[in-house]
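Here are my notes on this one, written as numbered points. Have the model open while you read.

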Amino acid sequence: METTPQRRSTEAWELVAHAVDLCRGGAPRVTLLAALDQARRSLHHEPCRNARRTLTWILGALEHGDADARVDVALQVAARDLARPSSGDDRR
């Protein structure tokens, strides 16, 4: 019997979007860093290469305090990539 919970296909995207909200909401730095770390760990399991690349860029921008309109566009691009059937899967 499998006891490992099933990973949602949008898990990494959701965690990155949460980190964006925290950054924009003025959360304490330690809270933001914890959210960034959790999102980064989730990206290690993201099979969609295009979404992984875009979400990694967003995390880098957040680490530098940039939560501007480019981040919104990047989130939309990543969501679109994740919605495509098997787009950018690298099956590692």
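**Notes on the helix packing**

The crossing of helix 1 and helix 4 is left-handed, and that pair gets its own point below. Bear in mind throughout that this is a predicted model.

1. Overall make-up. Buried residues account for 35% of the 92 residues. Among contacts with a separation of 6 or more, 65% are between residues 24 or more positions apart.

2. Helix 1 with helix 4. The axes of helix 1 (residues 11-24) and helix 4 (residues 69-83) come within 11 Å and cross at roughly 165 degrees. That angle makes the two helices roughly antiparallel. On the helix 1 side, the residues in contact are Trp13, Val16, Ala17, Val20 and Arg24. They meet Val71, Asp72, Leu75, Ala78, Ala79 and Leu82 of helix 4. By class, this contact has nine nonpolar, no polar and two charged residues.

3. Helix 1 with helix 2. Here the axes come within 9 Å, again with a crossing of roughly 165 degrees. Helix 1 is thus roughly antiparallel to helix 2, and their crossing is left-handed. Helix 1 brings Glu11, Ala12, Leu15, Val16, His18, Ala19, Leu22 and Cys23 to the contact. Facing them in helix 2 are Thr31, Leu32, Ala35, Leu36, Gln38, Ala39, Ser42 and Leu43. The residues of this contact divide into 11 nonpolar, four polar and one charged.

4. Helix 2 with helix 3. The axes of helix 2 and helix 3 come within 11 Å and cross at roughly 165 degrees. Why call this pair roughly antiparallel? The cut-off for roughly antiparallel is an angle over 145 degrees, and the crossing is at roughly 165 degrees, so helix 2 and helix 3 qualify. Helix 2 passes helix 3 in a left-handed crossing. Arg29, Leu36, Ala39, Arg40 and Leu43 in helix 2 are in contact with Arg52, Leu55, Thr56, Leu59, Gly60, Leu62 and Glu63 in helix 3. Sorted by class, that contact holds six nonpolar, two polar and four charged residues.

5. The core. Which residues touch the most other members of the largest nonpolar core? They are Val16, Leu55, Ile58, Leu62 and Leu75, out of 22 residues in that core. Helix 1, helix 2 (29-43), helix 3 (49-63) and helix 4 each supply at least two residues. Helix 1 gives the most, with eight residues.

6. Leu55 in detail. Leaving aside residues up to four places away in sequence, Leu55 touches Ala12, Trp13, Val16, Leu43, Leu75 and Ala78. Two of the names there, Val16 and Leu75, are also among the core residues that touch the most other members. Leu55 also turns up in the contact of helix 3 with helix 2.

7. Asp72. This residue lies in helix 4 and is part of the contact with helix 1. Is Asp72 buried, partly exposed or exposed? Its relative accessible area is 31%, so Asp72 counts as partly exposed. Asp72 and Ala17 are 55 residues apart in sequence, yet their C-alpha atoms are 9.2 Å apart in space.

8. Arg70. Arg70 is in helix 4 too. At 47% relative accessibility, Arg70 is partly exposed, since the cut-off for exposed is over 50%.

9. Arg84. This one sits in the segment after helix 4. Arg84 is partly exposed, with a relative accessible area of 38%. Along the sequence, Arg84 and Cys48 are 36 residues apart, and C-alpha to C-alpha the spacing is 9.6 Å.

Note on methods: Residues are numbered from 1 along each chain as its sequence is written. This is a predicted model: local features need pLDDT of at least 70, side-chain atom pairs count only at pLDDT 80 or more; totals for chains, interfaces and linings use all residues. Side-chain values use heavy atoms; hydrogens and water are left out. Axes are lines fitted to C-alpha atoms, for helices over the stretch in contact, and angles run from 0 to 180 degrees between N-to-C directions. Helices (H or I, at least four residues) and strands (E, at least two) are DSSP runs, numbered from the N terminus. Angles under 35 degrees count as roughly parallel, over 145 as roughly antiparallel, 65 to 115 as roughly perpendicular and the rest as oblique. A crossing is left-handed if the near helix is turned anticlockwise from the far one by less than a right angle, and right-handed if clockwise. Contact means heavy atoms within 4.5 Å. Ala, Val, Leu, Ile, Met, Phe, Trp, Tyr, Cys and Pro count as nonpolar, Asp, Glu, Lys and Arg as charged, and the others, Gly among them, as polar. Buried means under 20% relative accessible area, exposed over 50%, partly exposed in between (1.4 Å probe, protein chains only). A nonpolar core is a set of buried Ala, Val, Leu, Ile, Met, Phe, Trp, Tyr and Cys residues joined through side-chain atoms within 4.5 Å.
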